[in-house]
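Open the model in your viewer and keep the selection panel at hand. Each stop below says what to select and what is there.

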Amino acid sequence: MTIATDILDPEIAARRERRIARINRAGKVLAPFGLGFVVPLLKLAAGDTPSEQWADLKQMLLVPLIGILAFLAAWAYLAPKVQTSLGAIPGPAAVFQQAEVLMDDHFAERQKAEAFYARQDERNQMLIAEGYADRVKVRPYTGKPTYLDQIWTSLLTVALGFFIGTVIAVPVGIACGLSKTFEGAINPLIQLFKPVSPLAWLPIVTMVVAALYQNPSDLLPKSMVISAVTVTLCSIWPTIINTALGVASIDRDLVNVGKVLQLSTWTTIRKLVLPSSLPLIFTGMRLSLGVGWMVLIAAEMLAQNPGLGKFVWDEFQNGSSDSLARIMVAVITIGLIGFFLDRVMFALQTAFTYSANR
Amino acid sequence: MRHFLCSVTMLCSLTFAATATHAEMLFPEKDELTIGFIKLTDMAPLAIAKEMHFFEDEGLYVTLEAQANWKVLLDRVITGELDGAHMLAGQPLAATIGYGTKAHIVTPFSMDLNGNAITVSNAVWDRMKENIPVGPDGKPQHPIKADALKPVVEAYKAEGKPFKMGMVFPVSTHNYELRYWLAAGGINPGYYSPGDISGQIQAGALLSVTPPPQMPATMEAGTIEGYCVGEPWNQAAVFKGIGVPVVTDYDIWKNNPEKVFGLTKEFTEKYPQTTLGLTKALIRAAIWLDENDNANREEAVEILSRPEYVGADAEVIANSMTGTFEYEKGDKRPAADFNVFFRHFATYPYYSDAVWYLTQMRRWGQIAEPQEDGWYDEVARSVYLPDIYLEAARQLIDEGHATEADFPFDTDGYKPATSEFIDGVTYDGRHPNAYLESFPIGLKGDEVIDGNKIAGR
């Protein structure tokens, strides 16, 4: 496929233009996730001018790749030089190997679960045979949660905490933005509670949840509620502050129009306040989610609640020669998930900012 | 029809009796359980009962959950988040008499014998060594008494330095063993009083709580001069070359009880069949751990080394579970009974074991007021539940999992008087007050701690 033939055939050229336009649109979605480098690669594949793409590729793929490789090299070189009581600090290869072990472990555990259900089934059959059919019951697997299970638990917990936080923070923020009196009342509290560490909240939350949440369901265990509420308490502040700021800085003309039309408070909030303050609300939520994810790991470590934090603490306590590498796998996972969550919020923010900028 | 059902049932029960797996069906009132443990090798019966499906054989579906520390573990058993747990033998007793936390905790099953040791730092060992006679093989003569440590402690005192040691919990076996050893060598480990729970009143050596995994590091940092802890933290000091284990608890009190399986009294009353099932499964696990001269220990070590249980490297765990103990580097000596899970009736909950713990609590002032002999017996009977144990044993014998000789059916719960202690003092659990009188150091009779002094009443 050379340029010359393209010029000769306008149809092929047009098709390529369309394809490149599609790739550009896809790039808008990919870029926030750090996958921007796919665009020039796709364009090259589509037959775009290599020299232009090369510049993009260098910026988006080569330079970050060099950064990562340099980091890996430094890690691989320096790690064996630090001797701990559990042996040398593991290098990238050992960590990667442990990641594989953890995956294998997950599937091995699934097999054990199947065997467990088979044994249970056998026992239940026996109960039926002996005439105790009413005692037959299927119980969930009692084995340990695997690494993937722990990741899933952490994600659910942070989602729950973030959801509670948003539900509280956005209305409070809007009220702050709309009423100077309300803001005056709430501002000292925000200033006071904002810097409190999750480690300080945790004992209080544990006691309060234990007192109020008496009959936990299987879907929503007490430990998850405790972690989630701790996340909420530590992460709502950026959303409140940004929402208040966003609401307070609405165009005065818009507010006046609302007054002239005699809109009800609810309609004002829905039609005027929310749309124009959405970009800042999203900024706040994005900050909150970031804080929440960090806090969650700390809360899980301290309270021994299921999740990645517990995984890290258990491995620290195990003190086997694989423990450090496993903790590093967790650190990288936590980083990747945190990055991913931030990008999701960023993509949402971009989407809403666009529609709100009319 | 009914006749047909009957014969089917009979046929089935016959088949199962023949295969000896389900001679008699237990119907646990509660069959989904969460049991807590601390990452230590002596939680082995729990891991084995789960992995070998002994729990499931009793119709129990058990989740094992590692706990952060002994306090959290006890609290969670009390609140019911945990149905039962691996506990320090002192914990149910202390909780029941209201020392620390107040709750009626009971135990139908004692988990193991021995398993701890006392380690001192290299600096202390060098000074201690001068006072230890050397045997014909050129190695220090064991067991080493605290007499050898006494001059070192006195030297510290003369230099104006406190002599500090670590143990794992105020009501731990380790605390009482360390205190016993020190006092037997004429070093006062200090008293507790209701107003001062540091346990350092009149102390020659200052004992404080340090979590087990941090012992070696704390000693290396110079914060403590020695400690009493379970494995692998004594062998770890040898490996790292930072300290020397001087005595194992086997030498302090031969075949002393170590951990128990604790439940709330309420649980055992509400769920008697569940309690029985748990006890049966744990007894089977203990048998498995010791059968054929520890033939299964290697497999046990592999299971314990999994991250969800103890998680330490298999070689480290194996060190304490396979019959030797290394003192000074290169001074490896046989210690066949360092870890006992079933032999010597290890799992039977003897009242006399409970009484011994209570005497030590009284001796060091954790029990502040003098108590009658009858009181010791009463507390022991309210916490230790051999009836449940023997019922479980009987069923296991009927099912063909054990033999009559495995269990002390004729005991009244009191072991015969023994003087297999490092100081040779005779212990008879029937006479706790007389036993307390026989110690030169420790509260006895009517004595109470008043401020910083021992006061008679």
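## Stop 1: the two chains

Chain A and chain B bury about 2700 Å² between them, and carbon and sulfur atoms give 52% of that area. Buried area is the accessible area (1.4 Å probe) that two parts lose on being put together, summed over both. Select A:R123, A:E130 and A:T142: they supply 23% of the area that chain A buries against chain B, more than any other three residues. The contact takes 27 residues from chain A and 33 residues from chain B; contact means heavy atoms within 4.5 Å.

A word on the ground rules. This is a predicted model, in which local features need pLDDT of at least 70, side-chain atom pairs count only at pLDDT 80 or more, and totals for chains, interfaces and linings use all residues. Residues are numbered from 1 along each chain as its sequence is written, chains are lettered from A and ligands numbered from 1 in the order in which they are written, and side-chain values use heavy atoms, with hydrogens and water left out.

## Stop 2: annotated spans of chain A

Select residues 151–345 of chain A. UniProt, in an unreviewed entry, places "domain: ABC transmembrane type-1" there. UniProt positions follow the numbering used here, feature names are shortened, and annotations may be inferred rather than shown by experiment. The end C-alpha atoms of residues 151–345 lie 19 Å apart, and the span is 85% helix and 0% strand. Helices (H or I, at least four residues) and strands (E, at least two) are DSSP runs, numbered from the N terminus.

The unreviewed entry in UniProt also lists "transmembrane region" spans in chain A, including residues 29–47 and 225–250. Select residues 29–47 of chain A: the span is 58% helix and 0% strand, with its end C-alpha atoms 22 Å apart. Now take residues 225–250 of chain A. Here the end C-alpha atoms lie 36 Å apart, and the span is 92% helix and 0% strand.

## Stop 3: helix α11 of chain A and its partners

Select α8 (residues 198–212) and α11 (residues 265–303) of chain A. Their axes come within 10 Å and cross at roughly 55°. That makes α8(A) oblique to α11(A). Axes are lines fitted to C-alpha atoms, for helices over the stretch in contact, and angles run from 0 to 180 degrees between N-to-C directions. Angles under 35 degrees count as roughly parallel, over 145 as roughly antiparallel, 65 to 115 as roughly perpendicular and the rest as oblique.

Show side chains. A:P198, A:L199 and A:L202 of α8(A) touch A:V295, A:A298, A:A299, A:L302 and A:A303 of α11(A). The contact has eight nonpolar, no polar and no charged residues. Ala, Val, Leu, Ile, Met, Phe, Trp, Tyr, Cys and Pro count as nonpolar, Asp, Glu, Lys and Arg as charged, and the others, Gly among them, as polar.

α11(A) and α12(A) pack at about 45°, with axes 7 Å apart. The two helices are therefore oblique to each other. A:W293, A:I297, A:E300 and A:M301 in α11(A) meet A:L308, A:G309, A:K310, A:V312 and A:W313 in α12(A). By class, this contact has six nonpolar, one polar and two charged residues.

Next, select A:Q262, in the loop between α10 (252–260) and α11 of chain A. A:Q262 has a positive phi of about 55° although it is not a glycine.

## Stop 4: chain B

Select α2 (residues 44–51) and α13 (residues 272–294) of chain B. Their axes come within 8 Å and cross at roughly 100°. α2(B) and α13(B) are therefore roughly perpendicular to each other.

Which peptide bond is cis, with omega near -5°? Select B:H142 and B:P143: the bond from B:H142 to B:P143 is the one. B:P143 sits in the loop between α6 (122–129) and α7 (150–158) of chain B.
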